[in-house]
Amino acid sequence: MLKQLKEDIQAVFARDPAARNTLEVLTTYPGIHALIMHRVAHELWEKECKTSARILSSFSRFATGIEIHPGAKIGKRFFIDHGMGVVIGETAEIGDDVTLYHGVTLGGTTWNKGKRHPTLEDGVVVGAGAKILGPFTVGKNAKVGSNAVVTKPVPEGVTAVGNPARFIIKKDKVQENENEQRRRTYAESISFEPYAATQDQSDPMLEGMRVLLDRIQQNEKRMNDLCHRLSLLDPTYNKQQDGEQPYSEEELKIIEEVRRECEAQSNQSKA
C-alpha cells in the first residue's frame with residue numbers, strides 16, 4: 001500500500017509542474033486523496049464489505065468532488081489532475097500511467113448488469129470534460145481531447161476529438177515525405193507550382209491539389225501503359241499518333257480568342 005502510494009505521488013511530480021514537495025501533494029491534491037480512499041474502498045469491495053466500501057466512496061466524493069465506484073479497477077501511477085467532477089463507474093478498468101483531468105466521465109450506456117463502463121489501457125490521457133461511455137477499450141497511449149464524447153473503441157496511439165469523437169491518426173512521416181517528394185517532382189515536370197504554398201502548410205485547397213496531382217499522375221501512367229500495349233498489338237499505332245491532323249482554322253480561331261481573353265483578364269488584375 002505504501003509502495004503504491006509512493007508511486008502515485010511520483011506520478012504527480014512527473015505530470016504536474018506545479019507540484020513542489022511531497023507534503024503539499026499529500027495535503028492539497030484531491031486526486032491523491034480520492035485515490036487513497038478508493039484503494040481502501042476497493043479492498044473492502046473485494047472482501048464483500050460492499051456497504052462499507054460504498055460509504056467510504058460517498059465520503060470521498062463529498063470530500064474531493066471525485067466519484068469513484070469502489071468496484072472500479074485502477075492500476076499504478078494513476079493521476080487525476082484538479083479532479084472536480086470526475087466520475088468513474090463500477091465496471092471501469094484503468095491501466096498504469098493513466099491521466100484524467102477534471103470533469104471526465106467514464107460512464108455506461110445501459111442499465112443491464114455486467115460490463116458497462118470503458119477500459120483504459122496503459123498511458124491513456126483524457127482531457128477535461130471528456131465523456132467516455134460504454135463497455136469498450138481505449139487503446140494504449142491513446143489521447144481523448146477535452147469535451148470529446150467517445151462511444152466506440154479507440155485504437156492504440158490515436159487521438160479522439162469532437163462530439164461524436166473522430167480519430168486523428170499520426171501519419172507515417174517517411175512515407176508521407178516520399179509521397180510529397182513524388183508530387184513535387186511530377187508538378188515540376190508539368191510546370192505546375194502552387195502559389196504561396198509550403199510543404200508543411202495545412203490547407204484544404206492544398207490538400208485538394210495534392211489529390212489532383214496524384215490522380216493526374218496515375219491517369220497519365222495508365223494512358224502511357226495503354227499506348228504501349230496498343231503499339232505492341234498494332235505496330236502502326238505510334239505512326240498514327242505522329243501523323244495527327246493539324247488544327248482547323250475554326251479551332252485555331254477559338255484558341256486565339258481564349259488566349260486574348262486570358263490576357264485581358266491578366267491585364268485587369270494587374271491594373
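Student: Leaving aside its neighbours within four places in sequence, which residues is Val150 in contact with?

Tutor: Before the answer, please keep in mind that this is a predicted model. Once neighbours within four places in sequence are set aside, Val150 is in contact with Lys131, Ile132, Leu133, Phe136, Val144, Ala160 and Ala165. As a general idea, nonpolar side chains in soluble globular proteins tend to be buried together. In the case here, the largest nonpolar core has 31 residues, and Val150 is among those with the most contacts inside it, together with Phe78, Ile88, Leu100, Leu120, Val126 and Ile132.

Student: Which residues belong to another core, lying apart from the largest one?

Tutor: That other core is made of seven residues, including Ile9, Val12, Tyr29 and Ile32. For the chain as a whole, 34% of the 271 residues count as buried.

Student: How should I read the strands, and in what order do they form the open sheet?

Tutor: In general, the strands of a sheet pair through backbone hydrogen bonds, and they do so either parallel or antiparallel. The protein chain has 15 strands, as well as eight helices, and five of the strands form an open sheet in the order E1-E4-E7-E10-E13, with parallel pairing. At the edges of this sheet are strand E1, residues 67-68, and strand E13, residues 149-150, each of which pairs on one side only.

Student: How many bridges join E1 to strand E4?

Tutor: Two bridges join E1 to E4, which covers residues 87-88, and Val87 in E4 is the bridge partner of Glu67.

Student: What should I look for in the backbone angles, and which value does phi take in His82?

Tutor: The general idea is that most residues other than glycine have a negative phi, and that most peptide bonds are trans. His82, however, has a positive phi near 70°, and this residue lies in the loop between strand E3, residues 79-80, and E4. Asn141 also has a positive phi, of about 65°, although it is not a glycine, and its place is the loop between strand E11 (137-138) and strand E12 (143-144).

Technical notes
Residues numbered from 1 in each chain as written. Predicted model: local features only at pLDDT ≥ 70, side-chain atom pairs only at ≥ 80, totals over all residues. Heavy atoms only, no water. Pairing = 2+ DSSP bridges. Helix = DSSP H or I, 4+ residues; strand = E, 2+ residues; numbered from the N terminus. Core = buried A, V, L, I, M, F, W, Y, C linked by side-chain atoms within 4.5 Å. Buried < 20%, exposed > 50% of the residue type's maximum accessible area, 1.4 Å probe, protein only. Contact = heavy atoms within 4.5 Å.
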